Every structure is written in C-alpha cells, then in structure tokens.
Amino acid sequence: MNPYLNWAGATVLLSASVVAWSHPAIASTYRSSTDSTVVVLQETSPLSEKPWGYYFTKSAGRSWKGDIAISSKAAGAGQTLFTGTFQDQVMGPGTAMTCTGKIRIARQNPGVSNQIGAKVTWQITGGSGCPQVGRSVTLDLVESLPRPDRNGDFTSTNANTWMSETNGNVTWLAWRVVSSDGKLNCRTSPNGSLKRVYTSRDRIEAETRGATAFTFSNGAPWMSTRQGCYVRANAQYLQPISIPF
C-alpha cells in the first residue's frame with residue numbers, strides 16, 4: 001500500500017516504522033461498518049517479539065491516529081485475546097490532544113465464521129486535553145477483505161493491503177480456489193503455457209516481494225504466485241483468505 005493513506009477524506013503520511021517493513025509480516029485490518037474506525041493488528045513479525053498495531057478513528061468530531069503496544073496474547077474459546085496499551089493523537093488543524101489508556105482486542109479465530117471479526121475496547125485513562133478520560137469505548141469490527149470490481153476482477157487497486165513486505169501497492173497474500181470444478185491453472189506467463197494446477201485444497205500465496213503481484217494481458221488481470229506462475233485474477237476462480245490463516 002502506498003505510504004500516503006487516504007483515510008476519512010484526509011491524506012496521512014504513515015511513519016516509516018509502519019510502512020517500511022523489509023521482512024515478511026502478518027497483519028490484519030479490521031474496520032467498522034461505517035469505515036470510521038480502522039485497526040491494524042500486527043500479530044507476527046521478525047522485527048518484534050510481541051504483537052503490535054495502530055489505528056485510525058473519528059471521535060469528538062476529530063480524526064485520531066493511535067499506536068498499540070501489545071503486552072499479552074492468550075488463546076480462548078474460538079478467539080485470541082490481545083491486551084496492552086494505546087496512545088493516540090488528534091490529526092489536522094485545531095487544538096492538540098492526546099489520549100492514553102488500555103486496549104483489549106478479542107479476535108475471532110479463523111474458521112469461526114466466513115469473515116473474521118474483532119471486538120476492540122479502549123479504556124481511556126489519561127492524556128493531554130483528552131475529551132474522553134474515564135470512558136470505555138467498545139467497537140465490533142470485521143476484517144477488511146479485498147473485493148473485486150464490477151467485472152469480478154481483482155487488481156492492484158482493489159486487492160492491495162495494509163500487510164506489506166515492501167512499499168507500494170502490495171497484494172493481499174493468501175487466496176483460495178473457488179472455481180466450479182475446484183481447479184485453477186497457473187501459467188508460466190499470462191495466457192502462457194501451463195505450469196501447475198491449484199486445487200480447492202491449496203492455499204495460494206501471491207508474490208508480495210514486489211510492488212504488486214498483478215499484471216494485465218489483453219485487458220485481463222493476472223496474479224503472480226510464490227510458485228513463479230500466474231493465475232487469472234477473477235472472483236470466478238479465486239477469493240482472498242482471512243489473515244491470520
């Protein structure tokens with residue numbers, strides 16, 4: 001994803017620590033139904049022994065950007081519980097404000113539902129000029145999966161992600177075959193010779209070590225995979241898988 005994030009009508013330059021990951025990382029993005037809150041949870045990373053995250057939200061008529069430090073991770077019945085602390089600050093012109101406190105993220109485990117959800121609770125305990133000290137806010141969020149365009153195609157525009165190994169329009173990592181016969185051809189090049197066949201039992205990993213895994217041939221998008229071949233990037237043949245897997 002481009003380091004300049006257009007969120008809630010404002011362009012925000014994310015810090016280098018957020019976007020300049022040079023090693024593999026697994027992150028999930030959770031959104032509110034109105035898109036007014038976005039939480040990114042980095043569950044595993046070779047750069048840090050503990051999970052961490054960040055978020056964007058609207059509160060008290062202002063836009064906020066916050067950082068999450070996870071101190072504990074525990075397995076529960078059908079979910080994984082993350083607890084830690086947060087610190088955020090208001091963005092844009094106007095009176096500067098910061099809020100701090102404790103955060104709890106109860107993330108559904110894969111397989112519980114078709115789309116993973118996360119219940120996030122902010123317990124606000126302090127800050128400078130914070131308008132909500134002493135309050136507790138809980139939101140039900142769902143993972144933000146890529147959606148195809150009106151032609152059913154996935155491209156670098158609609159299938160990029162907050163998860164990144166490099167900067168750029170980084171492609172969503174994990175996919176599965178959904179074709180009617182449970183098979184998907186992977187070719188040496190778009191419309192090229194057959195290299196292998198994926199089945200519905202396979203997890204297809206996009207080649208995310210470049211700016212984008214997508215290329216076009218005769219107006220149709222194809223996605224490069226970690227096996228060094230190309231699949232037709234259309235919802236008739238494949239769909240994204242929730243991360244974590």
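Leu-184 stands opposite Tyr-198 in strand β13, strands being DSSP runs of E of at least two residues, numbered from the N terminus. The model is predicted, so that local features need pLDDT of at least 70 and side-chain atom pairs count only at pLDDT 80 or more, while totals for chains, interfaces and linings use all residues. Residues are numbered from 1 along each chain as its sequence is written, and side-chain values use heavy atoms, with hydrogens and water left out.

Strand β12 (residues 183–187) pairs with β13 (residues 194–199) in the antiparallel sense over five bridges; pairing requires that DSSP find at least two bridges between the strands. Six residues lie between the strands of this hairpin, where Asn-191 adopts a positive phi near 65 degrees.

Two disulfides are counted, each defined as a pair of cysteine sulfur atoms within 2.5 Å. One of them links Cys-186 to Cys-229, with an S to S distance of 2.0 Å, and is right-handed at 105 degrees about the S-S bond. Cys-186 belongs to β12 and Cys-229 to the loop between β16 (220–224) and β17 (230–232), so the pair ties together parts 43 residues apart in sequence. Both Cys-186 and Cys-229 are buried, that is, under 20% relative accessible area (1.4 Å probe, protein chains only).

A disulfide also joins Cys-99 to Cys-130, again with S to S 2.0 Å. This link of Cys-99 and Cys-130 is right-handed, with 100 degrees about the S-S bond. Cys-99 is buried at a relative accessible area of 6%, and Cys-130 counts as buried at 12%.

Key. Helices (H or I, at least four residues) and strands (E, at least two) are DSSP runs, numbered from the N terminus. Buried means under 20% relative accessible area, exposed over 50%, partly exposed in between (1.4 Å probe, protein chains only).
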